[in-house]
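Open the model in your viewer and get ready to click along. This tour goes from one stop to the next, telling you what to select and what is there.

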Amino acid sequence: MPGGILSFLIFFPIFAGIFIGIGSASNAIKKRIKFFALLFTLIEMLLSILLYFNYDKENGGFQFIDYFDAWIPFETFRAQYLVGIDGLSAPLVLLTGILGFCAVIASLKISFREREYFMWLLILQGVVTGVFSSLDMLLLFVFWEAELIPMYFLISIWGSGKAQYSAMKFLIFTLTSGAFFLIGILSIYFATGTFVMYDIAELNLIGVSGSAFNIIIPSLLIFLIFFIGFAIKLPLFPLHSWLPDAHTDAPTAVSIMLAGVLLKMGGYGLLRINVDLFNSIDPTILFDLSPYIALIGAISVIYGAVLTIRQTDLKRLIAFSSVSHMGYIILGISSYNAYSNLGSSEGLGGTALQLFTHGTITGLAFYLVGLTYERTHTRHIPHLGGLAIKMPLIGTFFVIAGFASLGLPGLSGFVAELMIFVGTFKLGGLWAFSTILSVFGVVLAAGYTLWMIQRSFLGSGVSNDSPVAKEYDNLNDMDKIELAGAVILTITIVAVGVYPSIVTDLFNIGIGEVFSR
Amino acid sequence: MISLNEILLITPELFIVGFSLIILLSDLIFGSKFRSSDIASLGILASLIITILLFSGVIKINDISSISILNIISVDKYSLLLKIVVLLLSLSISTVGKEVISDTLKLRSEFWTLFMISLAGMMMLTSVTEMITAWVALELTSLPLIGMLSLNKKRYSLEISFKYLILSATSSAIILMGISQLYGLSGSTFFNDIMPLKDAFGGKFIFEDSTQLLIIFSLILIISGFSFKIASFPFFTWVPDVYQGSPSLVTLYLSVVSKIAGFSILIRFLFESVNIEVYSNISLFIAIISSISMFYGNIMALRQNDLKRLFAYSTIAHAGYILIGIASLQVNDASFSGINSTVFYLIAYGITNLTAFLSMISLSRYVDSYNMLDFKGIGSAQRYQSIIFSISLISLLGIPATVGFMGKAFIFSGAISNDYFWLASFGIINSLISAYYYMKVIKIIFVEKSDKPFPEITFPRLKVITTIGAILIIVLGLAPVALLSIVESALNTII
C-alpha cells in the first residue's frame, strides 16, 4: 500500500464533505448531492477494507504510519501529526468505513437542507477515523473534540422530538468527557515529556513510577480522570443519561454513527490509554481496581437491560440496550488481571471484539428502525404490529439483528460475550460474581429483544386504534439500495460469528503487543 | 539628552498622535469632505508599516547602544509585536468605522481624534519600563475613552461614561498607591530596580519580614488596579453596562485593543520587576482573581439574552483564562513557561474576539437589535456572515481546529507544568460552562427558523475583515507554529 493512505482515509471524507457543502453552489453538483455522498463513502469503505486486509499480521505493530514533525515543534511543548493503526485500531477503522456508507444509504430520504446534512455526515466520518488512527495524544484529542460540532448540528437540525435539548445534552456530556481527557493527557505530557503513546512505553516507567510520574498529580488520579472521561463517552452507568435522549431524537444515520462508532471511541480510549498506556506506566492501578470495575460493569449490564424492557419507543429501546452492552466492555476490561496472572487475553480480546460486533449489530438495528419509521411514521411499539407481513425483508433482517444482539451462537454477538465471560469468570471472587450477574443480562436481552420483535413485527397486523392502521396496507418493503446496506452489515455479523478470526486475529495481535511493550 | 535616533524609535506613536491632529484639522478645513475614519485608517496603516519594518529589522537604527529611551521606553521585539497586534486590530476597527458607526454618534472627527490619542497611549503601554510613565500611559488610554463613551446621543451614554470615569479614577488611584509604596521601599521607579530583595535577601523569601509583606501588598494593589483595564476581578462590574450602552465601535475597542494593551503592560511589569520568590506568592493571588473572573463571567453569561452583555461576561471570563497564563508566568526549572502561551493566547483572543464582535455587529444590522432571540434563523438568510460568526464563537469556546483551542491548550499546559493543576481544572470546567451559551447562540442562528424577512444590505468592509479573521482562526488553529515561533522570537528579547 502506498504511504499516506491512512491520512487519505482521514481527510478524504472531510474534504469531500466540504466539497459537497461549498461546491454544491453549482447546479450540476446540487442535483447529485446524494450520488456524490454515496460515491465518496463507497470509495472510503472500499479503501478501509483494502487497508484492513493489507495489515501485515506477521510483523504486527503500528503500520501505515504517517508522520509530520512540525505540527507544534517546540522544545517544551512538542506535538506531532502521527497516525498509524495496529491490531486494536484497524478493525475499528474498518467499522467506521462500513458504517459510514450505511449511514449515507440510511439518509437517502433526507429532503431538508441536504448539502449541509451530507457535509456534516462526511466530516463526522473523517474525524472519527482520525480518532481511531491518531497515535499522538494531542492529535487524538483534536479529533475527539472536533467530532462534536458535526454531531451537534446533525442532531439539532435534522433530529425529531426534543432534538435541541438532546443535542445540547450530548454536547455538554461529550465536552465534559473531553475535559477529563484533556486534563489527563496534559498531566501525562508533563510527567513524561511526550504525547506519543508508544514512546511512553519505552520510558520504562514501571518501578520508578513513585518518583518520576507523580510530579503533577498521583498516577492513580490520572488513571481515574481518564476512566471517567471514557466512561461518559461509553457510556457507563451512572453517566449514561445523555445516550437515550441523543439516540431517540437523532436522525437514523446519526444513530447509526453514534451507536456504531462514537460509543466505540469510549471503549477504544479505555483500551488504548487505561489498559495499554497505563500498562507501561503503572500496571498495579488497573490491577487493584479491576474487581470494582467488574462490578460497575455488571451493574451497568443489568441496569441497562432492566430499563430496556420497559421502553416503548423502538429507538430508545435499542439505545438502552446499548448501555447494557457497553457494560460488557467494562466487565471485559476488568479481566486485565488475567493477563498478568495467567498470560491469556480472552477477556480483553472479547472487549475489543464487542466494540466491533456491537457496532455492526446496533448499526443494523438502527438502520432497520430508521427504515421502519420512514414507513410507519411512529416508533411507538404498541402502535406497531404485524409489520413482517407487509415488509418481510425488513422483518427478516430485524430478527437477525435481534438474535445477534441477544447473543445467538453463529452470530457475532455470541463470540464477544462468551470471550468476555470466560475471561472474567476464571478469575474467581468478585469477577466471577460480576460475571454471573452479567450472564443474567443476556437472559434479559433475550427477553426484551424477542418481546420487541414479537410486538412490532409479528402478529396479524396493527390494532385498529393505531395511527398506522390507515397506511398499513400501503407499507412497502425495502428497495434495492436499502437492501444493499442491510446485506453489508448482515454479512459482517454472520462472517464474524462463524469465523471470528477475521477480526480476533488482529485484536489479539493488538492486545498481545500491549503486554509485550 | 534624547538623541534624534532615539526619537526615531517612537515614530509609530508620533504618527498616531500626528494623525489625531490631522483629523481635527481636516474636519476644520475641509468639513465632511474626507471621512475621519478613513484618515485614521491611513495614519494607523502608516504607523503599522513602520512598526512592521522595525520588527522585521529592515529599518535599523544605528548609533545607539540600546533599544530603550532613557530606560523609560523600551522598543524591544516584545513591544513591537504587541504594537503590531494593537495596530492591526485598531486598523480593522477604523476600516469598518464607516459601516459600523451609528447615526446616534455625534462629532465624528472628535471621536476619531480621541480614538487616536487613546491608541497612542495603548502603544506606549506596550513598551514602558518605568512605573510613573506606565501610569501616565494608562491615563492616556483611559481619559479619551471617557470622551468616546459620552459622544453618543443615547440615554445611557452619560451614565456609563460616568461609571467608567469613577472606576477608572479609583483604579488609577489604587495603582498609584502601589507604585508609591514600591518607590518608598526601593527608591526607584524602574521595573528592573524596584524589587529591593532581588539581591539583598539572597533571593530568599521570608514571610515574617514586614518589608516583604509590604511588597506583596503593593503588588496586589497594582494588579487590582490593572484589573480595571483587563476587565477582571475585582474591577469588572462596569463591563456589562458599558458594553451594552456604548456605541459598538467603543465596545469593540474596549474589548479587543484596550484589553491587549492592559495585559501587555501587566505581563512586562510582572515579568521584569518581580523575582521568582516573590512571584510564587503573588501568583496565588493572581490564580484566585483568575478563578473568580472565570466563574463569574461564565455563570453570569448563561442567562443573558443581549449579545453585547453576553460578550461582556465572556470577556471577563477570558480575562480569567489569560490570568491563568499570568499566574504561571515565571517558572523555576526548564518546564513549560506560561509567558509564551499567555502572549499567544492574548493574540489569539484578539483575533477571535475581533472577528466575533465584527460579525455580530454585521448581523445585528439585519435585525436592528442585539437581542439574541431576534437573530433566529438568520443563518439561512445571511449564511456567510453567520458561518464566520459561528467559527469565531467555536474558537472562543475552544473546540479543536481553531486558534482558541490551541491558546487554551497552551495556557492550561503552562498552568499544569507550574503546579497549578487545580487552576487548569477550573479553566477546563469553565470552558465547559461556556459551551452552553456559545452553542446557544449558534443554535439560535442556524437551527431555529426565522419568522420575518431580513433586509437586503451588504457590508463589504465588514465582510473582508471578518473573512481574514476567520481564515486566521482556522489556519492558526491547525498550524499554531506560525504564530508561536514569532511570539517566541519576540519574547527572547525580554527573557
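Start by selecting residues 346-376 of chain A, which form helix H17. Helices here are DSSP runs of H or I with at least four residues, strands are runs of E with at least two, and both are numbered from the N terminus. The 31 residues of H17(A) should span 45 Å at 1.5 Å a residue, and the end C-alpha atoms are 43 Å apart, which agrees. That expected span is 1.5 Å times one less than the number of residues.

A word on ground rules: this is a predicted model, in which local features need pLDDT of at least 70 and side-chain atom pairs count only at pLDDT 80 or more, while totals for chains, interfaces and linings use all residues. Residues are numbered from 1 along each chain as its sequence is written, and chains are lettered from A and ligands numbered from 1 in the order in which they are written.

Because 28 of its 31 residues are buried, H17(A) is largely enclosed by the rest of the structure. Buried means that 20 or more other C-beta atoms lie within 10 Å of the residue's own; exposed means 12 or fewer, and partly exposed is in between, with C-beta atoms placed from the backbone.

Next, select A:Cys102 and A:Leu368. Of the 368 residues in the largest nonpolar core, these two touch the most other members. Such a core is a set of buried Ala, Val, Leu, Ile, Met, Phe, Trp, Tyr and Cys residues joined through C-beta atoms within 7 Å. Which residues does A:Cys102 contact, leaving aside its neighbours within four places in sequence? They are A:Ile256, A:Gly363, A:Tyr367, A:Gly485, A:Ile488 and A:Leu489. A contact here means C-beta atoms, placed from the backbone, within 7 Å.

Now go to A:Val301, in helix H14 (residues 283-309) of chain A. Is A:Val301 buried or exposed? A:Val301 counts as buried, because it has 30 C-beta neighbours inside 10 Å. Beyond four places in sequence, its contacts include A:Ser324, A:Tyr328 and A:Gly441.

Strands pair if DSSP finds at least two bridges between them. A hairpin of 4 residues links E1(A) to E2(A), and A:Asp66 stands opposite A:Val83 in E2(A).

Zoom out to chain A as a whole, with its 23 helices and 2 strands. Its radius of gyration is 22 Å, close to the 24 Å that the globule rule gives for 517 residues, so chain A is as compact as a globular protein of that length. The radius is taken over C-alpha atoms, and the rule is 2.2 Å times the number of residues to the power 0.38. In chain A, 61% of the residues count as buried.

Turn to chain B, where you will find 21 helices and 2 strands. Of its 495 residues, 58% count as buried.

Finish where the chains meet: 28 residues of chain B are in contact with 30 residues of chain A. On the chain B side, H19(B) gives the most, with 12 residues. By class, that side has 21 nonpolar, 6 polar and 1 charged residues. Ala, Val, Leu, Ile, Met, Phe, Trp, Tyr, Cys and Pro count as nonpolar, Asp, Glu, Lys and Arg as charged, and the others, Gly among them, as polar.

Terms used. Contact = placed C-beta atoms within 7 Å.
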